[in-house]
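Visitor: I would like to learn how to read a few features of a model. Please show it to me.
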Amino acid sequence: MSPTHVRRIVKPIVFVLALEPFLWLVYNAFFGDLGVNPVETITNHTGIWTLRFIVITIALTPLRWVSGFNPLTRFRRMIGLFASFYGTLHFMTYFVLDQSLQFTGLWDDVVKRPYITAGFTAFVLMIPLAVTSTQGWIRRLGGRRWNLLHRLVYITALAAVLHYFWKVKLDTTDPLFYAGIVGVLLAARVVHRVRRAAASAPVPVRREA
Ligand code: HEM
């Protein structure tokens with residue numbers, strides 16, 4: 001698949017698909033179809049989609065290693081920005097509709113409720129990632145420092161899974177499912193690094209007796 005195909009055809013399709021959860025919300029809000037507790041529906045819907053987009057973002061590179069399909073990495077920025085978009089909607093739903101824009105209420109929750117502490121940590125860590133996702137920032141920071149900063153996405157993913165796990169309390173099947181995927185993706189990263197380091201290590205010279 002040529003870069004032009006990716007840019008002109010596949011990217012717009014992925015963009016529209018990624019927008020679908022938002023359009024679902026708008027559609028159901030318009031027709032008053034968000035259930036008995038619309039705030040809870042909006043918070044949970046945006047929360048789970050934030051987590052899904054975080055997981056897809058960190059899955060793209062390992063999927064490229066496995067499939068050899070290089071264009072996959074071209075979607076990392078777009079999908080990462082969708083994660084930030086849904087994360088912002090999720091946070092704003094809570095802050096505006098639950099906390100009525102009160103910073104003291106937000107801070108009390110962040111300090112006293114562990115699941116909010118974890119969610120807030122995940123959200124705050126996403127901000128520098130979204131801000132520095134442009135080519136300009138890659139140039140300004142340099143590839144090495146940029147890559148180092150963007151490893152924060154793994155801490156975001158872990159904090160997000162913990163937030164979900166602590167939030168559901170009883171049936172932990174779904175949080176464990178996401179924790180499993182994040183665990184496998186993290187392990188894939190570690191294995192890849194170890195293999196690369198081993199491949200680039202100098203081969204010892206054997207002296208003949
Ligand atoms: C990367 C950041 C975040 C992710 C991935 C995330 C993800 C999630 C998920 C998956 C759920 C449960 C959905 C379900 O049960 O179907 C949830 C619920 C919730 N989240 Fe987050 N969250 C994040 C950040 C935050 C932040 C910053 C806050 C507030 C400060 C927050 C507040 C809440 C609340 C209050 C609920 C429960 C809603 C309810 O049941 O009424 N989250 N979140």
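Visitor: How far is an oxygen atom of the ligand from an N or O atom in the side chain of lysine 167?

Guide: A polar contact is a pair of N or O atoms within 3.5 Å; within protein, one must be able to donate a hydrogen and the other to accept it, and residues adjacent in sequence count only if both atoms are side-chain atoms. Here the distance to lysine 167 is 3.1 Å. This is a predicted model: local features need pLDDT of at least 70, side-chain atom pairs count only at pLDDT 80 or more, while totals for chains, interfaces and linings use all residues. Residues are numbered from 1 along each chain as its sequence is written, and side-chain values use heavy atoms, without hydrogens and water.

Visitor: Which elements give two or more residues to the shell around the ligand?

Guide: Helix 2, helix 3, helix 5 and helix 8 do. Helices are DSSP runs (H or I, at least four residues), numbered from the N terminus. Helix 2 supplies the largest share, 8 residues.

Visitor: How many residues surround the ligand, and which are the closest?

Guide: Being near a molecule takes one heavy atom within 4 Å of it. There are 23 such residues, and the closest are Glu40, Gly47, His90, His163 and Lys167. Histidine 90 has a side-chain N or O atom 2.8 Å from a nitrogen atom of the ligand. For histidine 163, a polar side-chain atom lies 2.8 Å from a ligand nitrogen atom.

Visitor: Which residues of helix 3 are buried, and what covers them?

Guide: Buried means under 20% relative accessible area, exposed over 50%, partly exposed in between (1.4 Å probe, protein chains only). The buried residues of helix 3 include Phe82, Tyr86, His90 and Phe91. Their cover includes helix 1 (3-30), helix 2 (38-67), helix 4 (103-112), helix 5 (114-131) and helix 8 (152-168).

Visitor: Is histidine 150 buried or exposed?

Guide: Histidine 150 counts as buried because its relative accessibility is 11%. This residue lies in helix 7 (residues 143-150). Contact means heavy atoms within 4.5 Å. Histidine 150 touches Leu129, Thr132 and Ser133, leaving aside residues up to four places away in sequence. Glutamate 20, in helix 1, is partly exposed at 41%.
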